[in-house]
Amino acid sequence: MVGHASMQGTLACERAWVTIDLNALASNIRQLKQQILPQTALMAVVKADGYGHGAVTVARTALEHGATWLGVATIIEGIELRQANIDAPILVLGATHTVQEIEAIVRWQLQPTLCSPEQALTFSRHLQHALPVHLMIDTGMSRLGPIWQQGATFIEFVHRLPHLTIASIYSHLATADHADTSFMLQQQSRLQEVLSRLQTQDFPLPKLHLANSAGMLSGPQFHYDLVRVGLALYGLYPSSQFQNKIHLQPVMQVKARVTQVKTLPAGSGVSYNHTFTTDQPSIVAVVGIGYADGVPRLLSNQMKVIIRGRLVPQIGAITMDQLMVDVSSIPDLQVGEMVTLLGQDGNATISAEVWAETLGTISYEVVCGFKHRLPRVLVNHGAPQR
Ligand SMILES: *Cc1c(COP(=O)(O)O)cnc(C)c1O
């Protein structure tokens, strides 16, 4: 299960924690399923520990609600799922090359991405039995895979090698979250062209896939045989333009507790290097969460938290394990009261998108940033699961 599982119910919610709302996750998956045709498979992308949500938890919930494939970035991530007795097909999206990696792929029944002729040769030489493989073609992402002009040659090369069974051909979109769809359409037509060059020889066409969350939400013409959905599972939108297409609920919240409350006189410098100074007598609360938990230090003096349903400003440098907030607006705040850093409390909400905007990054990086020091606590709409 999730990290620190044995401590759930005892120490998990004492200092700081991440809640994972399984109902929200299930609802997101059902919404996504409704947008794809019955013959299109849903791959739940659970790399990076399920975008920080806990890969095993997310994978199990996704499979229960209609996903039939799992996507991971690394072999070790795939093994973690297998060790949790998950037996769905698992595609390793990252590149793998060494003999040790090939042996682990076979042993744990993972399915590799092949992205170059040299790598395909290494696999073919070291395999004793047929292995399903997935061929990545670079149609414009300029990441893994041969460039699309060499795509057909690559596919035919792999097709002729012993022990390699081409299970799918796929590509990855670079700009699917843009309002301007022209490059996405170009990538799609490049992929089509690779395939049309193949059809000239009698070649059994394997399964085809192209769409990430943004591609999937862009319409059924991008779905093909399978969609590889990460971000949307977690209730986040790849871009605001998709907000009217589907109703997603954020799965993750980040909570902590007040550990001290005190009144400071005007003119008090707060935290390292005194980047904040009180201009009037102020009530300050110390909160037990810091940058070593994944609250970016770059948010110092730039973020708010929610206490008793009210937004209050964070002040001074965020430290490794603690941060300070100005709670002058909250009467009689007590040690132990709950602080919401991300998520909802009463009528106030703070989203990963808001942090991302302040930081000049994307919500993906925000949710992936919470460290394992924070217990992941499973909840159903707010109530801890027993
Ligand atoms: C991470 C990843 C995805 C999922 O992307 P989202 O934008 O999170 O849906 C899909 N395909 C590949 C190849 C990936 O690396």
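Q: At what angle do the axes of helix 7 and helix 8 cross?
A: In this predicted model, they cross at roughly 50 degrees and come within 8 Å. Helix 7 covers residues 151-160 and helix 8 covers residues 182-199.

Q: Why is helix 7 called oblique to helix 8?
A: Angles under 35 degrees count as roughly parallel and those from 65 to 115 as roughly perpendicular. The angle here is roughly 50 degrees, so helix 7 is oblique to helix 8.

Q: Which residues of helix 7 and helix 8 meet?
A: Gly151, Ala152, Ile155 and Glu156 come from helix 7, and they meet Val194, Arg197 and Leu198 of helix 8. By class, that contact has four nonpolar, one polar and two charged residues.

Q: What makes helix 5 and helix 6 oblique to each other?
A: Helix 5 (residues 99-107) and helix 6 (residues 117-126) pack at about 60 degrees, with axes 10 Å apart. Roughly perpendicular begins at 65 degrees, so this pair counts as oblique too.

Q: Is the crossing of helix 5 and helix 6 left-handed or right-handed?
A: Right-handed. Here Val99, Ile102 and Ile105 in helix 5 meet Thr122, Phe123 and His126 in helix 6. This contact has four nonpolar, two polar and no charged residues.

How values were computed:
Residues are numbered from 1 along each chain as its sequence is written. This is a predicted model: local features need pLDDT of at least 70, side-chain atom pairs count only at pLDDT 80 or more; totals for chains, interfaces and linings use all residues. Side-chain values use heavy atoms; hydrogens and water are left out. Axes are lines fitted to C-alpha atoms, for helices over the stretch in contact, and angles run from 0 to 180 degrees between N-to-C directions. Helices (H or I, at least four residues) and strands (E, at least two) are DSSP runs, numbered from the N terminus. Angles under 35 degrees count as roughly parallel, over 145 as roughly antiparallel, 65 to 115 as roughly perpendicular and the rest as oblique. A crossing is left-handed if the near helix is turned anticlockwise from the far one by less than a right angle, and right-handed if clockwise. Contact means heavy atoms within 4.5 Å. Ala, Val, Leu, Ile, Met, Phe, Trp, Tyr, Cys and Pro count as nonpolar, Asp, Glu, Lys and Arg as charged, and the others, Gly among them, as polar.
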